[in-house]
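Here is a briefing on one protein model. Look at the structure first, then read the points below.

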Amino acid sequence: MPRIYLDHSGTTPVDRRVADEIYRFLTGDNFGNPSSHHFFGYAAKKAVEEAREKVAHALGADREEIVFTSGGTEADNLAIHGAAATNFKKGNHIITSAVEHHAVLNTVKALGKQGFETTILPVDRYGMVSVEAVKDAITDKTTLITIMHANNEVGSIMPAAEIGKIARERGVLFHIDAVQSFGKIPVDVNDLNCDLLTISAHKIYGPKGIGALYIRKGTRWKQTLLHGGAQERLRRAGTENIPGIIGLGKAVELAAADQAIEGNRLKALRDRLISGVTGSVEEVQLTGHPVLRLPNHASFCFEHIEAESMLHNLDLKGIAASSGSACTSGSLEPSHVLLAMGIPPHLAYGSLRLTLGRDNTEEDVEYFLATIGPVIEELRSASPF
Ligand SMILES: Cc1ncc(COP(=O)(O)O)c(C=O)c1O
C-alpha cells in the first residue's frame, strides 16, 4: 500500500539538505552560545547572522528587522501583544478577522479580556475579508490590524497589500500572519505594506519550533512577553535556538530557489484534485476561493460525512489528509473558519483539506481520486442519514 502525505499545511517533512545543516550545528565544535566572547561564540553568532540575512532577503527586509522566535504562534503573540501594549496610550482598538489561526484569534480575544476593544471582521463565503470592511472598522482608537495572508483551512489569499495600504494611510500598524503563504507565493514586506509579519519553518520543510517575526524599522513596537537577556536586540530574550535558526535559514533559501517552478507544478496537481473530486463525488463543495487560493491547497465539504471517519478510512488506504487546521481536528467543534464562511455546521463536520508538497506526484493524485469515491460511498451507505 502506498503512503501518500497530503497534509503539508499541517506540517512538512524536513528537507534532507536542511537536516544536514542542522546536524552540523548539533555536533562537533558548533555548539557555541552567540552571546559568548570567544571562538565558539563568534562562530555561532556568524551562523545566526547568515541565517537572518537569508530570511531577510527572502522577505525583502533588512537583517535587523528579523527576530527569531519559537515558531509562528510565538511570533503572532509577540507582534500583537507588543504592538497593543506599546501603543496603548494612543488607542486600544485592534482589528482582526473571524478566520484567523488561533495563534492570532485567541491572542486578540485575550487582549479583549484585558480591556482592549476588539473587532473581529466577518468574511465572505470564500473566507475573504473585504478591504471596505477593514476601512469601515478603523476608528481613532485603532492601533493594530492583524490579518492573515492565506488561510490555513481553506487556502484563500487575502487582499493583504490593499489592507496594508489603508492601514498606512490611517496610521495603523498592520501585522500579517504569513505562515501558510510564505514559501508558496511571493511574500515581500514592502509589496504587502506591512509593519509586522510572521513566518514558521515547519511549513517550508524546516524544523518545528522555530519561526521569525519581521518588524519594520521605526515601528512603535516593544516586546512585552519574555523578560530576560538582551538577545535579538532586546526583542526576544533567551539563548537562541541555533540548530533551528540554521534550519530555518536553509529552508528559506531552498523555498525561494524553487518557489515559482514548484508553484506551477503544484497548481496543476491541485486543479486536477479539485476537478477530480467535484467531478466524481456527489454532494461535495469546494471550500475557499476557486482562484485566489494557495497553489498547493484543495479543500472540500462533503454532505452526510463525518470528517474523523473519512480521515480514518483514508488513512487505512495509505492517505494522510486533514479536516482543516491541526488544532481544530480532534475537537468536536466544527471549524470556526467554515462557520464564519456561512457553511452550516452539519456540512462543516464533513470537511477535508488536501495540501500538496514537494514529494507529491501525479500518481499520488490519481490514487487519491480513485480512493475517495469508494470511501465516501461506503461511509454514506453506513450512515443513518
Ligand atoms: C496560519 C497559521 N498561523 C500560525 C500557525 C502557528 O505556527 P506554529 O505551528 O509554528 O506555532 C499556523 C500553524 O498551523 C498557521 O497555519
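Domain bounds come from an automatic or database domain assignment. For this protein, that assignment gives domain 1 (4-11 + 258-382) and domain 2 (16-254). This is a predicted model: local features need pLDDT of at least 70, side-chain atom pairs count only at pLDDT 80 or more, and totals for chains, interfaces and linings use all residues. Residues are numbered from 1 along each chain as its sequence is written, and side-chain values use heavy atoms, with hydrogens and water left out.

**Where the two domains meet**

- The C-alpha centres of domain 1 and domain 2 are 28 Å apart.
- Domain 1 puts 30 residues into the contact, and domain 2 puts in 32 residues. Contact means heavy atoms within 4.5 Å.
- The size of an interface is often given as the accessible area lost when the parts come together.
- Between domain 1 and domain 2, about 2600 Å² is buried, and carbon and sulfur atoms give 55% of it. Buried area is the accessible area (1.4 Å probe) that two parts lose on being put together, summed over both.
- In domain 1, the residues losing the most area to domain 2 are Gln 259, Leu 294 and Arg 358. Together they make up 23% of what that side buries.

**What holds that side**

- There are zero salt bridges between domain 1 and domain 2. A salt bridge is a side-chain nitrogen of Lys or Arg within 4 Å of a carboxyl oxygen of Asp or Glu.
- Polar contacts do cross the interface: 18 residue pairs, both at pLDDT 80 or more. A polar contact is a pair of N or O atoms within 3.5 Å; within protein, one must be able to donate a hydrogen and the other to accept it, and residues adjacent in sequence count only if both atoms are side-chain atoms.
- On the side of domain 1 that touches domain 2, helix H10 (336-340) is among the elements that each supply at least two residues. H10 gives the most, with four residues. Helices (H or I, at least four residues) and strands (E, at least two) are DSSP runs, numbered from the N terminus.

**Around the ligand**

- Of the 13 residues around the ligand, those coming nearest include Gly 72, Thr 73 and Asp 177. Near means that a heavy atom of the residue lies within 4 Å of the molecule or strand.
- A polar side-chain atom of Lys 203 is 2.6 Å from an oxygen atom of the ligand. For Gln 180, the distance is 2.8 Å.

**A salt bridge to find**

- The whole structure has 22 salt bridges.
- One joins Arg 353 to Asp 7, with the closest N and O atoms 3.1 Å apart.
- Arg 353 is in strand E12 (residues 351-355) and Asp 7 is in the loop between strand E1 (4-5) and helix H1 (16-24), so the pair ties together parts 346 residues apart in sequence.
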